[in-house]
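Here are my notes from going through the model you sent over.

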Amino acid sequence: MVAIVVVVNVFSFFYFFRIDLTQDRRYTLSPATEDILKSLSKPVTITAYYSENSIPVITRARSDLKDMLMEYAARSGNMVVYNFVNPNKNDSLEKVAQHNGVNPFPVQMREKDEMKNVKVYLGAVVKMGDKTDVLPLIDPNGSLEYALSNSIKKLSIDKKPLVGFLQGNGEPRITDMQQVEESVSSLHTMQIVDLTDTTPILKDCNTVALVNPKDSFRAGQLKQLDAFLARGGRLLIAYSGLDPDLRTGSGKVDNIGLKAWLAEKNIILDDKYLIDARCGQISVPQNMGGMTFTTQVLFPYLPRIENFTNHPVTKDLRSVMFPFATDIKFTGDTNKIKFTPLASTSEKTGLRDVPVTFDVNHKWEKEEFPLSNLVVAAAVSGLNGSKDSRLILITNGDFAVSGSGRQAMRLDPDNVDLFTNSIDWLSDNTGLIELRSKVLKFVPIKDVSEGKEAFLKYFNFCFPILLVIFYGIIRMQVKRRIRTKRMEEVI
């Protein structure tokens with residue numbers, strides 16, 4: 001028996017493995033993560049700044065991260081090294097955590113029949129050589145694997161893939177999208193690409209973005225876009241096909257040729273302005289008693305989108321404003337082309353025929369919002385005969401434009417995330433972005449009767465003992481037979 005135990009321990013020291021018996025396979029790493037770990041050329045050190053002895057959800061999050069990091073260490077051949085630090089232990093550790101970019105957040109917890117605020121840490125610092133990436137807050141309800149693998153990928157890639165920004169048809173400059181540029185640049189190298197009639201889009205550039213074009217497209221330019229998709233290219237288009245003019249207070253449709261090009265692919269942009277009861281506000285000057293002041297008025301032409309599909313591009317988004325948008329319809333064969341709605345309007349929405357007059361004093365009635373859940377963003381795969389081609393269409397060209405100089409404004413983080421996630425999904429060939437939808441769900445233990453609970457408790461206690469006794473009896477019987485046989489041979 002002792003020899004068996006020794007052999008098992010020696011074997012387990014050299015050959016470590018675990019079996020994932022969880023229903024959602026939460027500890028089974030994806031092929032994308034395994035590829036990243038196998039290709040590591042330098043050790044990766046992960047320092048997790050996690051609070052201990054806190055509320056149950058934090059304790060569970062710490063345990064989940066530790067289990068996940070054990071799997072990373074095993075699958076990487078110990079190229080991933082990790083350690084846990086409790087910043088709440090003393091002031092010096094708190095200063096180290098905050099200096100490294102991991103800051104606490106307040107949580108209310110009950111202690112001795114009273115509620116008190118405590119500081120909780122849920123972050124990590126990932127290092128590889130002289131490179132560092134900080135995860136200031138790891139969402140306990142988010143995808144642990146995506147957060148860790150994406151961070152390691154950032155540090156391990158030597159040459160970032162190119163992402164092209166098409167220019168030549170009145171698009172905003174990259175300097176007008178500074179927040180988007182900063183976010184996208186963490187994993188990609190951004191490059192201006194002039195869309196011409198004769199020059200193909202760079203072969204090294206597998207993903208390009210076309211944001212809010214204003215000028216007409218020539219036939220040769222559209223042929224270059226077709227050729228790009230036919231070779232398996234990925235294209236992000238932020239465009240509505242509408243032409244609102246706030247100076248005159250009117251709206252019409254444009255005629256630059258891009259809408260007709262999309263229609264050839266059975267992607268239809270409506271020639272109507274979308275209105276939604278869930279919308280943003282505008283400031284309207286009013287005069288009363290010789291005094292001028294401004295009031296905030298709901299403006300349904302500024303729909304606030306909050307319905308998002310559970311897709312890597314839109315997961316965890318809360319709200320994005322789409323000023324002067326329209327809806328998308330797909331009329332093609334869904335057996336050949338995959339069409340996935342990404343975002344839609346509220347339950348109270350409508351469409352206005354052009355020409356539209358933007359009347360801020362209009363009294364909106366419920367009857368003007370008879371529609372619901374109109375698609376305003378979609379992902380399309382398999383266009384132009386290529387199974388590798390991908391296209392994301394967002395029916396607003398301004399959501400990612402922050403402006404420059406004195407006119408620059410701060411974009412909502414969800415606006416930036418929508419653009420960045422779109423680029424990540426389009427350019428990802430590894431499947432890593434798909435992990436954003438993989439979350440660790442808490443599965444509560446099913447309630448059982450007191451009788452069954454008592455049975456399971458005593459069964460778990462007695463069964464191993466009985467198993468050992470049974471094994472001992474069998475072993476004793478086998479030895480007795482061997483001894484008897486030897487005695488018979490001697491006689």
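**Notes on the predicted model**

1. Let's start with Gln224, which lies in helix 7. One thing to keep in mind throughout is that this is a predicted model. Gln224 counts as buried, since its relative accessibility is 11% and the cut-off for buried is under 20%. Setting aside neighbours within four places in sequence, Gln224 is in contact with Leu195, Thr196, Asp197, Thr198, Thr199, Pro200 and Ile201.

2. The side chain of Asp197 meets that of Arg218 in a salt bridge, 2.7 Å from N to O. This pair links distant parts of the chain, 21 residues apart: Asp197 sits in the loop between strand 8 (189-194) and strand 9 (207-211), and Arg218 in the loop between strand 9 and helix 7 (219-230). Asp197 is partly exposed at 31% relative accessible area, and Arg218 is partly exposed too, at 43%.

3. Asp226 is in helix 7, while Lys265 is in the loop between helix 8 (258-263) and strand 13 (267-269), so the pair links distant parts of the chain, 39 residues apart. Is the lysine of this pair, Lys265, buried or exposed? Lys265 is buried, with a relative accessible area of 9%, whereas Asp226 comes out as partly exposed at 22%.

4. On salt bridges overall, the count comes to 19. Among them, Asp245 pairs with Arg247, and here the closest N and O atoms are 3.5 Å apart. Asp245 is partly exposed at 24% relative accessible area, but Arg247 is exposed at 79%. There is also a network of salt bridges that links Asp270, Asp327 and Lys329.

5. Next, have a look at Gly350 in strand 21 (residues 349-353). Gly350 counts as buried, with a relative accessibility of 1%. Leaving out residues up to four places away in sequence, Gly350 touches Tyr273, Leu274, Ile275, Glu368, Phe369, Pro370 and Leu371. Asn373 is 23 residues from Gly350 along the chain, and their C-alpha atoms are separated by 9.9 Å.

6. The structure holds 17 aromatic pairs. Tyr301 and Trp364 form one that is edge-to-face, with 5.9 Å centre to centre and 70 degrees between the planes. They are 63 residues apart and link distant parts of the chain: Tyr301 is in strand 16 (residues 291-305), and Trp364 is in the loop between strand 22 (356-357) and strand 23 (375-381). Tyr301 is buried at 1% relative accessible area, while Trp364 is partly exposed at 22%. For another kind of pair, see Phe455 and Phe459: their ring centres are 5.8 Å apart and their planes are at 25 degrees, so this pair is stacked.

7. Phe455 and Phe459 both lie in helix 10, four residues apart, which is about one turn of the helix. Phe455 is exposed, with a relative accessible area of 53%, and Phe459 is partly exposed at 40%.

8. While you're at helix 10 (residues 450-490), find Leu466, which has its place there. Why does Leu466 count as exposed? Its relative accessible area is 55%, and exposed means over 50%. Leu466 belongs to a nonpolar patch on the surface, together with Phe461, Ile465, Ile469, Ile473 and Met476. Together these residues have about 600 Å² of accessible area.

9. Last, helix 2 (residues 31-38), whose buried residues are Ala32, Thr33, Ile36 and Leu37. These cover an arc of only 130 degrees around the axis, so they are on the same side of helix 2. On the other side of helix 2, Pro31 and Lys38 are exposed. What covers the buried residues of helix 2? The cover includes helix 3 (56-75), strand 2 (80-85) and helix 5 (144-156).

Terms used. Residues numbered from 1 in each chain as written. Predicted model: local features only at pLDDT ≥ 70, side-chain atom pairs only at ≥ 80, totals over all residues. Heavy atoms only, no water. Patch = residues over 30% accessible without salt bridge, like charges linked within 9 Å, V, L, I, M, F, W, Y side chains within 5 Å. Areas by Shrake-Rupley, 256 points an atom, 1.4 Å probe, with all protein chains shown as cover. Salt bridge = Lys/Arg side-chain N within 4 Å of Asp/Glu carboxyl O. Helix = DSSP H or I, 4+ residues; strand = E, 2+ residues; numbered from the N terminus. Buried < 20%, exposed > 50% of the residue type's maximum accessible area, 1.4 Å probe, protein only. Arc of directions from axis to C-beta. Contact = heavy atoms within 4.5 Å. Phe/Tyr/Trp six-rings, centres within 6.5 Å; stacked < 30°, edge-to-face > 60°.
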